[in-house]
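Subject: Structure handover

Hello,

Here is the structure we talked about.

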Amino acid sequence: MSSTILINKVSKRFGKKLVLNQISLTVESGQIYGLIGPSGSGKTTLVKIIVGMDSPSEGNVHVLNTPVPKLQLLQRIGYMAQADALYTDLTGEENLAFFASLFKLKKNVQQERIAYAADLVNLTADLKKKVQNYSGGMKRRLSLAVALIQDPEVLILDEPTVGIDPELRQSIWAELYRLKNEGKTILVTTHVMDEAEKCDCLAMVRDGEIITSGSPSELKKQYGITSLEEVFLKAGGKQQ
Amino acid sequence: MRIFALVKRIFHQMLRDKRALALMMVAPLLVLTLLNYLLSGNTVDPRLGVINADDKLLERLKDSEITIIQVEANTKDLILHKDLDGVLHFDGDDISLTLTNDQPNAAKALQIKVQQAIAAERANEQAANLSVFMEGIQSKLPEVPLKIEAAKAPEVKTSYIYGNKDTIFFDQLSPILVGFFVFFFVFLISGIALLRERTTGTLERLLATPIQRRDIVFGYLLGYGLFAVIQTIIVVTYAVKVLDITLVGSFWNVVIINLTLALVALSLGILLSSFANSEFQMMQFIPIAIIPQVFFAGIFPFESMAGWMQVLAKCMPMYYGGNALVDVMYKGLGLSDIRNDIFVLLGFSLVFILLNIVALKKYRKI
C-alpha cells in the first residue's frame, strides 16, 4: 500500500491567528479517511491546502506522490466543497456537462460519466430540472456527482452529509463504500461522531491540531471507552 | 478548450436570464430615445415685454423669433403674471432690459438677440443719417461727382467644417451616449456575473478544476464580449437608422470603437467585482468608477478644464472612447484618425486583464 495523501508538518496562519499547527497525516490508498472536529477547528482550511487552493505557511503536502499545488493534479482529485457551488440557473445535466468539459472529457465519455454519476446519486430523473428547483439534499447529491465526474482517483469531500436527512446520509455513505471498493481513496470531513465510525481511519482535529488518530476500534481500545464522542472529549482533555 | 466550456455556460445563463438580456439590449435604446426627444424638442420663442420701443426695432425683434408683448410697467409682478422672459424698457436714451432668468441659458440667448437687434437698428439709423448727409453735400457741390455706397449692415455668410446650421447639441452628445451606454451596461452585467460566481462559491469550485486562471478571464471576456458585440450593433443601428442620429463616418468604425469600449468595460467590471462582496457593493462602484467617465467623455470641452482635470480626463477610458466616437460620427474622420484612441483603450483593457489574472490568485495560488 502506498500513501495517497501525505501531509508533512503543515501550519497555516491567517495574519497572526494560527489556524493549523504542525499537522502531519498520511492517507493510504483505498482508505476512507475521516477528519473529525467541531466547526472552526481548521478542517476546511486543511482540505483547501490538500487540494491546492490555499498554500500552507509551513510544511508541505504530497498527493499521489506529486507535490501540491499542481494544476494537473486537480484532474485526479474530485473535490466537493462545504457549500453547494452549483449554477442554479442551469439544469443538473448542464452543471455536470460544464464541469465535465472543464476536465476535458471527450463527448462520448462525458455522456457516460454524466449518466454514471447521476445514477450513483440517484438524480437521473431530475437532470433536466433547473438546480434552483432542487431540494437541499438534491443539491448536495449533485455536488457529489460533480466531484465524481472526471473519475478521479482521490475524493476530497468537505462535510458531504451536512444538512442531509439520515436516510440520504445512509445512501451517500453506501456510495462512498462502493467508490472505495472501486479503489478510490476518500478523505471526508465531518463533525458528526456517528459518521466517524464508518471511516477506516480517523484524525480528530481541534483548534488546528490533531489530538489523536487511528482506526475507530484502535481509538476506542486505546482510551478504553466505547463511544468515539468520549474519545474525542478524553483526547481533547488530555491535551490541555 | 476550457475557455469554450465557459463561453457555452455563459451563453446558457444569459439566454435564460431574460431580464439581464433586456437590460443589455433594450435599456440603452429606451434611454437614447428619451434623450433624443428631450434634447431635440423645439425651442419655444421667448416672450419679451416692451415699453416705448419704436416700430422698426420691434420688426427686427420679431424677425429674430421673439414674441413681442406691449406692457406698461416693468415690475416683477407683471413679468411673472404675464409669463414673460424679460422686459425691454426705452426711457429716452436709456435702455434697460430686465430678464426673468429662470433658465439662465435661455435668458443669455434672449439678451444677445436683443442686443444684436438694437445694435443693428442703430447701425441702420446711422447709415440713413449718413446718406442724408451725403445727399446734402452732393446738392451743394453739383459739379463734383461724389459717389458713396450707402452703408448697409453686412450679410455674414456662415459655413461649417463639421455639421451644418441645423446641428444641435444632441448631435455632438449622441455619439458619446451611444458609447457610454455600451460601456455602462457591459460593466454592470459582467461585473455582477463574476461577483455572483464568487459569492455562490462556484468560482472556488471552478478553480478546483485544472482550469488556468487566465482561461477564466478570457472565457468571461469572450462570453460576455459576444453579447457586447450584439448589443453594440443593435444600439448603433438603432441610433442611426431609427433615431436618425448624425453619422458622417463609417458605421463599422463606430462598431470597432464601441467594441473596444466594451472590452474595457468587461475587464474593468470583472476586476472591480473582486473588490465587492455583494451586488450592492458592486453598485457602489457606479458613482465612483462610471459616472465621472461621462463628464470626461467630451460633454464638457477638454480645453476649458483645469490642468489637473485634464490629467484626470486622460486616465478615463471614456475620454478616449468619446473622443473617437465624436470624431467618427460627427466629424466623419477615418480609422487612421482614431487609431491612437483605440490603442489607448486596448492598453486599458490589457492592464485590467492582467490585474484580473493576478486578482484570481486570491482563490488559488497557481
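Before the distance below, one definition: the domain bounds come from an automatic or database domain assignment. Keep in mind too that this is a predicted model.

**Domains of chain B**

Chain B splits into two domains. Domain 1 takes residues 2-36 + 169-362. Domain 2 takes residues 47-140. Over C-alpha atoms, the centres of domain 1 of chain B and domain 2 of chain B lie 51 Å apart.

**Confidence**

The model has an ipTM of 0.86 and a pTM of 0.81. For chain B, the mean pLDDT is 87. In that chain, 97% of the residues reach 70 or more.

**Strands in chain A**

Start with strand β4 of chain A, residues 58-63. It pairs antiparallel with strand β1 (residues 3-14) of chain A, through 5 bridges. In that pairing, I5(A) has V63(A) as its bridge partner. β4(A) also runs antiparallel to strand β5 (residues 66-67) of chain A, with 2 bridges joining them. There V63(A) stands opposite T66(A).

**Nonpolar cores**

The largest nonpolar core has 142 residues. Which residues have the most contacts inside it? From chain A they are I50(A), L96(A), A145(A) and I156(A). From chain B they are V182(B), V186(B) and Y224(B). Helix α7 (residues 169-199) of chain B gives the most to this core: 17 residues.

Leaving out residues up to four places away in sequence, I50(A) touches I5(A), V61(A), V63(A), V68(A) and I156(A). I5(A) and V63(A) are the bridge partners named above.

There is also a second, separate core, of 14 residues. Among them are V50(B), A53(B), L88(B) and V114(B).

**Where the chains meet**

How many residues of each chain are in contact with the other? The count is 23 in chain A and 21 in chain B. On the chain A side, the largest share comes from helix α2 (residues 92-102) of chain A, with 5 residues. By type, the chain A side divides into 16 nonpolar, 5 polar and 2 charged residues.

Best wishes

Note on methods:
Residues are numbered from 1 along each chain as its sequence is written. Chains are lettered from A and ligands numbered from 1 in the order in which they are written. This is a predicted model: local features need pLDDT of at least 70, side-chain atom pairs count only at pLDDT 80 or more; totals for chains, interfaces and linings use all residues. Two strands pair if DSSP finds at least two bridges between them. Helices (H or I, at least four residues) and strands (E, at least two) are DSSP runs, numbered from the N terminus. Two residues are in contact if their C-beta atoms, placed from the backbone, lie within 7 Å. Ala, Val, Leu, Ile, Met, Phe, Trp, Tyr, Cys and Pro count as nonpolar, Asp, Glu, Lys and Arg as charged, and the others, Gly among them, as polar. A nonpolar core is a set of buried Ala, Val, Leu, Ile, Met, Phe, Trp, Tyr and Cys residues joined through C-beta atoms within 7 Å. A residue is buried if 20 or more other C-beta atoms lie within 10 Å of its own, exposed if 12 or fewer, and partly exposed in between; C-beta atoms are placed from the backbone. pLDDT is the predictor's confidence in each residue, from 0 to 100.
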